[in-house]
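Please read the following report with the sequence and the model open beside it.

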Amino acid sequence: MKLSIITINYNNAAGLKKTLDSVAEQTYTDFEHIIVDGASTDGSVDEIIAYSQSPIANRHKITWISEPDTGIYNAMNKGIKMANGEYLLFLNSGDFLIGEDVLEKVFENELKADILCAGCNVLDNGKVVWTSNPPDKVTFGTLYRVGLAHQSTFIRRLLFEKYGYYDESYRYNADIEFWYRTIINNIVTTQRIDVIT
C-alpha cells in the first residue's frame, strides 16, 4: 500500500465531515484511511461510523478508534503505529484535499525521497490567504522561516521506526522537532512535488 492518511479529531464533527468527504472523493485508491478520535462527544463518532459504512469503504480500507488521548502528538503516534502505507499523510479534522484527483497527481511522480513536500493553501473564511510552496531543497533556513505544512507533506513511515515517533513531551511543535531530527540531524532525503494538495 502506497499511502496511509491519518486523521486526528476531537469534538470537531463539522471539520471532520469536510475532511472525510475530501478523502472519499479521491480517484486514487491505493491508500488506507486511519481516523484517531479522542473520545469526542459532539457527533464526530457518528460521522466516522457513517463514513466507514458508506460505499467508499469498499474502495479503500478504513480503520478508526475513539478513545481518550493525552494530546495531539499522542493521537498522531497512535495513528502511525496503526499505519501500513509506505508514506503517511496527516490530514487532521478540518483539513481537506483540494480536488478529487490530487492524490493521483502526487503519486504519478517518480517518488524517491523520504519526505515528499507538496504545496498547501491556507484559507481564512473560505478564501486562500497564503500558499505554502516548498523549495527544491529543504534546509535549516526553510524550517526556521516557514516550516513544512503537515497537510501536504508525505512522510515515509519507516522514518518513525528508524528515528523515533513524535516527542510527546512537546505540547506544541513536536512535528517541527521531528523535521529537525530527520532532515537536518540525519539528512534524510526530501523531494518537492509540484502539486497543491
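## About the model

This is a predicted model, in which local features need pLDDT of at least 70 and side-chain atom pairs count only at pLDDT 80 or more, while totals for chains, interfaces and linings use all residues. Residues are numbered from 1 along each chain as its sequence is written, and side-chain values use heavy atoms, with hydrogens and water left out.

## Helix α1

Helix α1 covers residues 13-24, where helices are DSSP runs of H or I with at least four residues, strands are runs of E with at least two, and both are numbered from the N terminus. Its 12 residues should span 16 Å at 1.5 Å a residue, which agrees with the 16 Å between its end C-alpha atoms; the expected span is 1.5 Å times one less than the number of residues.

Among the buried residues of α1 are Leu-16, Leu-20 and Val-23, buried meaning under 20% relative accessible area, exposed over 50% and partly exposed in between, with a 1.4 Å probe and protein chains only. The buried residues of α1 pack against β1 (3-9), β2 (31-37) and α2 (44-52).

## Asn-74

Asn-74 lies in helix α3 (residues 72-82) and counts as buried because its relative accessibility is 16%. Leaving aside residues up to four places away in sequence, Asn-74 touches Asp-69 and Glu-168, contact meaning heavy atoms within 4.5 Å.

## Two cysteines

The count of disulfides (pairs of cysteine sulfur atoms within 2.5 Å) comes to 0. Cys-117 is in no disulfide, since the nearest cysteine sulfur, that of Cys-120, is 12 Å away, too far for a bond. Cys-117 is buried, with a relative accessible area of 1%, and Cys-120 is buried as well, at 9%.
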